[in-house]
Amino acid sequence: MNRDQINKLLNRIPTHLIIILTMLIWIVPTVGLLVTSLRPPEAVGSSGWWTVFAPQNAAAGPYATYCAECHGADGKALPQADLSNQELVAKYPRSLQLLAMLRQPINGQPHLGDRPLPGAQEAADIASFLRQGEQTQSQFTFNNYIDALVGYRGQNTYRVDCAAGTQPPDLRCNLSDILNPRGMGRAFVNSLFVTIPATILPILFAAFAGYAFAWLDFKGRFLLFALLVGLQVVPLQMTLVPISRFYAQVGLNGTFLGVWLFHTGFGMPYAIYLMRNFLGTLPRDLFESAYLDGASHWTAFRQLVIPLAMPAIASLGIFQFLWVWNDLLVSLVFLGGTTPVMTYQISNMVTSLGSGWQVLTAAAFLSMLLPMIVFFSLQRYFVRGMLAGAVKG
Amino acid sequence: MATPQDISKPATTSEVAVGRRPVKTPRAAPVPEIMKQGPWVPWLYLLPALVVMAFFIVYPMINTIGLSFQNRDGTASAATTCRDGQPCWGVFENYRYALTDEFNTSSPGAFWNSFWSSSYGNTIKWIVVMVFGTVSVGLAFAVLADRVKYEALAKAILFMPMAISFVGAGVIWKFVYDYGTSQTQIGLLNAIITSLGGRPVAWLSTTPINTFMIVLVGIWIWSGFCMTILAAALKSVPDEILEAARVDGATEWTVFWKIMVPIILPTITVVVTTMVINVLKLFDLVYVMTGGNFETDVIANRMYTEMYKNFNVGRGTAVAVILVVAIIPFIYFNIKRFLEQEATR
């Protein structure tokens, strides 16, 4: 390596540092969510999620300072005071008993020699470190996910309560609990029910309209399309009130149909914009030869446009899917608690019920699972759609 | 997205068509007679889209404007809600409420303070900080990530929050900002601060920092969006220009500010306007993280509060109209940009 290469390498270090630091800031909070969702409730409330990466050292700190020198790293160094013996440890389960024992002299000498006694917190840490032999429970658990799926809201966990027969009245401890209206399992099904038609319908309508805007001639085509471009940025809030009043009159409040239609109407301007721009780039020759062969518009649409527009349909599909799946406002207003979707269920947990972090994080992770899979497997199409449109209501 | 629409050469297609059926087909016009269906055909294709848009966007917009001049359940004029001895704007009463109720006008100082803790002041803070934050992070990352081997991974990570709902992001960050007991901090941010010897902060209920803490979450979500669009624009900057400048001795800093930024300026403008619109409409984050309490309210959340918590149709729609008025310049901008694009097609 010559000097120039070394210089070049050194010059790049700040770039790498900035990028890696940014990546960390972006990824660490989500990792924290995932880790927390897998920890038992007691652990979540008493220590930060990052401690799972260094569990032993955190408890061993005071032990190493005060005890390890005489008792040894594993507590077995002194046969007459074997700290790995749980019967012996059980005599001073808490910091108070432990401190009392430490104050007693051994063979006329202070227990710790010239050293000061550990503080209360340190003594507690030592005591809990010594007890760890009996507490061999796992650091991770799936109980939070079960609790979140069935909507368990109690002091223990769903499995413990069901085994003891003390479950809350809305749970039956069989498979039907997965559809408990308060749980994320039901919400997942509802979210799917909302999202799939609310994705297909706008794409279908937009394909029709996009074809007309791109390849059919009619009066006011340009003006109408310019208007559509403007409509793209109309905020949702502007249309909620009249629609929810109308839905209340015709009984569409709380129905899937109402939400499908609303998402279809609102996704339309962007979807048509994307479709028209994509279809407009298809070669003109293609359509002309099709027409010459006697194809009607309908045939051309079905056999040319739909297959060729697949990339645009994919982009649009992902966009609309993520938009509807992640939407809170529309489902809050039109579905609310009668047919809760995942975002609604979580926001409800956050704002009113104050359930423990372990269930909340599990619920949040459940709601992120499907979008993440869609996103990472189809990222290319997502980015393409974004670059083509860049604006979405 | 340029479309080569050269109509002067229909011969090629005709030849193809003729070539396939050589004998019987006479040379046809570019668009055969059979395609010239009635003038209503295009409208058939447009019909479903136009119907849903008319019903779910155009009609409600007009209706919302009408309702904003009415009382709390839309049954009488807003003027009837005025009370004696109180200021009243007649039929614009809901607008008086929406525009002035949050402000303390007893003195200029009090007004200034109440403005910056109102939903309007907060929305301005959101726009300024979030747009600046997302665009600078996005641009810096787009430029820097271009130079490392793990570019794809880095970009995917920055972009990942786009797939997460605002609600999910709200939970993630509420946990980061958690304000624990004096013994243990299970929130990452306060744990870092206490381990460095500082005092923990209740990030989401301490004004005025709480608004900025929520804005940070917004930046976390939207930077990837800005990065992706700006990176695509940067890729279109010709390498020869950059190389020429570097050969002439320009530093990377100069290359960035004097060459890259001016070339992608139109894209930056688009990203900025898109972000402003997004911020104006943003509701979920505030709703989940603070519910608009502790002086973190924004216009979009206030509309929800008036409409679906206070059940006041008139006031809710008045706030919505104000939101749209704020967005109108961007509707204009959007159409103008579209017309320019079409002109160069």
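Student: How are α11(A) and α14(B) placed relative to each other: parallel, perpendicular, antiparallel or oblique?

Tutor: In this predicted model, the axes of helix α11 (residues 221–231) of chain A and helix α14 (residues 313–343) of chain B come within 8 Å and cross at roughly 135°. Angles over 145 degrees count as roughly antiparallel, and 65 to 115 as roughly perpendicular. The two helices, α11(A) and α14(B), are therefore oblique.

Student: Which residues of α14(B) does α11(A) meet?

Tutor: The crossing of these two helices, α11(A) and α14(B), is right-handed. By class, their contact has 6 nonpolar, 2 polar and no charged residues. From α11(A) come A:Ala226, A:Val229 and A:Gly230, and they meet B:Ile331, B:Asn334, B:Ile335, B:Phe338 and B:Leu339.

Student: Is the crossing of α1(A) and α5(B) left-handed or right-handed?

Tutor: Helix α1 (residues 3–37) of chain A and helix α5 (residues 119–145) of chain B have their axes 10 Å apart and pack at an angle of about 125°. That angle makes α1(A) oblique to α5(B). The crossing of α1(A) and α5(B) is left-handed.

Student: How many charged residues does the contact of α1(A) with α5(B) have?

Tutor: On the α1(A) side are A:Thr15, A:Ile18, A:Ile19 and A:Thr22, which meet B:Phe141, B:Leu144 and B:Ala145 in α5(B). By class, this contact of α1(A) with α5(B) has 5 nonpolar and 2 polar residues, and the number of charged ones is none.

Student: Which element gives the most to the side of chain A that touches chain B?

Tutor: The contact takes 86 residues from chain A and 93 residues from chain B. On the side of chain A, they divide into 53 nonpolar, 29 polar and 4 charged. The most, 13 residues, come from α1(A).

Student: How many of the residues of helix α8 of chain A are buried?

Tutor: Helix α8 spans residues 143–150 of chain A and is mostly covered. What covers its buried residues includes α1, α9 (158–164), α10 (184–215) and α19 (357–377) of chain A. Among the buried residues are A:Ile146, A:Leu149 and A:Val150. The count of buried residues in α8(A) is 7 of 8.

Student: Where in chain A is confidence lowest?

Tutor: Chain A averages a pLDDT of 84, and 94% of the residues score at least 70. Confidence is highest in α10(A), at 93. The lowest, at a mean of 63, is in helix α3 (residues 55–66) of chain A.

Notes
Residues numbered from 1 in each chain as written. Chains lettered and ligands numbered in written order. Predicted model: local features only at pLDDT ≥ 70, side-chain atom pairs only at ≥ 80, totals over all residues. Axes fitted to C-alpha atoms, helices over the stretch in contact; angles between N-to-C directions. Helix = DSSP H or I, 4+ residues; strand = E, 2+ residues; numbered from the N terminus. Parallel < 35°, antiparallel > 145°, perpendicular 65-115°, else oblique. Left-handed = near helix turned anticlockwise from the far one by under 90°. Contact = placed C-beta atoms within 7 Å. Nonpolar A, V, L, I, M, F, W, Y, C, P; charged D, E, K, R; others polar. Buried ≥ 20, exposed ≤ 12 C-beta atoms within 10 Å, placed from the backbone. pLDDT = per-residue confidence, 0-100.
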